[in-house]
Amino acid sequence: MKILIAGARGRLGAQLARFLESGKTPFGGSPFVSGQDNVFAPSSAQLDIADREAVFSFCRGNKIGIVFNCAAYTDVDGAESDPARAFAVNAHGAENLAAAMAERGGKLVHVSTDYVFDGKKRLPYTEEDGCAPLNVYGRSKLEGEKLVLAALPGAVILRTAWLYGRTGGSFIDTVRRIASSRGVVRAASDQFGTPTFAEDVAWHMLRLAAEDLRGVFHATCEGSCSRYEFAREIVRLFCPGTEVVPCAAAEFPAPAVRPAYSVLENARLKSCGMNGFREWKEALSAVIPE
Ligand SMILES: NC(=O)c1ccc[n+]([C@@H]2O[C@H](COP(=O)([O-])OP(=O)(O)OC[C@H]3O[C@@H](n4cnc5c(N)ncnc54)[C@H](OP(=O)(O)O)[C@@H]3O)[C@@H](O)[C@H]2O)c1
């Protein structure tokens with residue numbers, strides 16, 4: 001099987017590439033026993049998913065049978081001033097990959113976000129809940145979901161949240177940097193979600209690709225917390241002794257409005273007996289050994 005990882009240099013894509021290229025994961029063997037030759041992991045300079053012709057030509061030329069789309073324009077604040085770029089990548093780029101797989105009779109496992117919700121529910125969101133994104137990034141990702149399913153109804157879409165990986169920068173790095181430069185970390189106690197390790201998401205992408213399943217799946221670690229509680233756990237694990245002070249999210253004004261509550265329930269994964277996500281604190285502690 002010829003596999004394309006779009007966005008293979010990002011937090012999630014790099015993790016998926018490590019699993020696919022080694023054939024090993026901390027959860028067990030990869031469902032894909034593929035040598036490196038079968039995995040294509042181009043940078044955005046080598047394959048721009050917003051370029052439809054380039055996507056079709058890459059997939060045809062390399063006989064791609066499965067695409068894992070980890071590529072996205074993830075600058076949530078930047079998207080407010082450059083919606084055209086956000087939609088070109090997150091909506092039409094995703095659509096291009098879906099259309100290329102439709103042409104080839106292939107599969108697409110695409111990744112979306114908790115930011116498709118407005119955060120007003122205050123109970124974990126299931127796949128049945130209505131979407132109402134608050135910002136351009138969320139709207140572009142929601143449009144991507146719709147275009148993907150229209151072009152390739154058999155596609156699988158994982159909505160994840162508060163993602164961090166072993167590489168690629170994240171809230172963990174921000175907290176550690178502030179802890180070492182200022183000695184005190186302020187974090188919002190009125191913004192709730194679920195920190196989710198890229199390893200867990202990558203593992204579920206592989207498992208779902210190997211099954212005959214389709215549609216939207218919520219895919220985050222188990223449990224939930226505020227940004228403040230997340231920062232406290234990061235400090236406890238990585239930089240003990242640093243003071244963490246709770247504050248309001250309004251203390252960090254940003255161009256994009258974020259949902260105050262975007263906890264997802266992995267309802268469909270659970271109903272399929274496929275929810276292998278770890279509790280968020282357990283997954284976070286697994287980052288330490290490397
Ligand atoms: N980060 C989060 O907290 C979070 C939360 C919820 C959902 N998600 C979703 O999870 C997925 C993975 O996110 P991530 O955090 O791993 O993202 P990331 O670290 O920002 O990486 C994004 C990747 O997309 C690539 N890319 C951007 N524009 C591209 C284009 N036009 N063509 C091809 N590749 C392009 C980038 O490549 P280059 O570096 O080569 O430009 C980069 O490798 C995305 O769908 C994102 O929306 C993320």
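In this predicted model, R122 is exposed, as 9 other C-beta atoms lie within 10 Å and the limit for an exposed residue is 12 or fewer. R122 is found in the loop between β6 and α5 (136-151). The phi angle of R122 is near 65°, a positive value in a residue other than glycine. A positive phi, of about 40°, also occurs at W162, which is not a glycine either. W162 is placed in the loop between β7 and β8 (163-164). In contrast to R122, which is exposed, W162 counts as buried because it has 25 C-beta neighbours inside 10 Å, where 20 or more are required.

Strand β5 (residues 66-69) is joined to β6 by four bridges, and the two run parallel. Within this pair, V67 stands opposite L108 in β6. On the other pairing of β6, five bridges connect it to strand β7 (residues 156-160), again in parallel. Here V109 stands opposite V156 in β7. Strand β7 in turn pairs with β12 in the parallel sense over four bridges, and the bridge partner of V156 in β12 is G215.

Strand β6 is largely enclosed by the rest of the structure, because seven of its seven residues are buried. K107, V109, V111 and T113 point one way from the strand, while L108, H110 and S112 point the other way; all are buried. The buried residues of β6 therefore lie on both faces of the strand, charged K107 being among those that point the same way as V109.

The largest nonpolar core of the model has 94 residues, and those with the most contacts inside it are I5, L16, L97 and A98. The largest share of this core, 10 residues, comes from helix α4 (residues 83-104). In soluble globular proteins, nonpolar side chains tend to be buried together. Apart from residues up to four places away in sequence, I5 touches G13, L16, A17, V39, A41, F68 and C70. One of these contacts, L16, is itself listed with I5 among the core residues with the most contacts.

The ligand is surrounded by 29 residues, of which the closest are G7, G10, R11, S44 and A71. The elements that contribute two or more residues to this shell are α1 (11-22), α4 and β6 (107-113). The largest share, three residues, comes from α1. By class, the shell has 14 nonpolar, 10 polar and five charged residues. One of the closest residues, G10, lies in the loop between β1 (3-6) and α1. G10 counts as buried because it has 24 C-beta neighbours inside 10 Å. Leaving aside neighbours within four places in sequence, G10 is in contact with C70 and G168. C70 is also among the residues touched by I5. G10 and S180 are 170 residues apart in sequence, and their C-alpha atoms are 25 Å apart in space.

Helix α7 (residues 198-209) has 12 residues, which at 1.5 Å a residue should span 16 Å; its end C-alpha atoms are 16 Å apart, so the two values agree. The helix is mostly covered, with 11 of its 12 residues buried. The buried residues are A198, E199, D200, V201, A202, W203, H204, M205, L206, R207 and L208.

C221 lies in the loop between β12 and β13 (225-226). C221 is buried, as 25 other C-beta atoms lie within 10 Å. The C-alpha atoms of C221 and G7 are separated by 22 Å, the two residues being 214 residues apart along the chain. G7 is one of the closest residues to the ligand.

Conventions:
Residues are numbered from 1 along each chain as its sequence is written. This is a predicted model: local features need pLDDT of at least 70, side-chain atom pairs count only at pLDDT 80 or more; totals for chains, interfaces and linings use all residues. A nonpolar core is a set of buried Ala, Val, Leu, Ile, Met, Phe, Trp, Tyr and Cys residues joined through C-beta atoms within 7 Å. Two residues are in contact if their C-beta atoms, placed from the backbone, lie within 7 Å. A residue is near a molecule or strand if its C-beta atom, placed from the backbone, lies within 6 Å of it. The expected span of a helix is 1.5 Å times one less than its number of residues. Two strands pair if DSSP finds at least two bridges between them.
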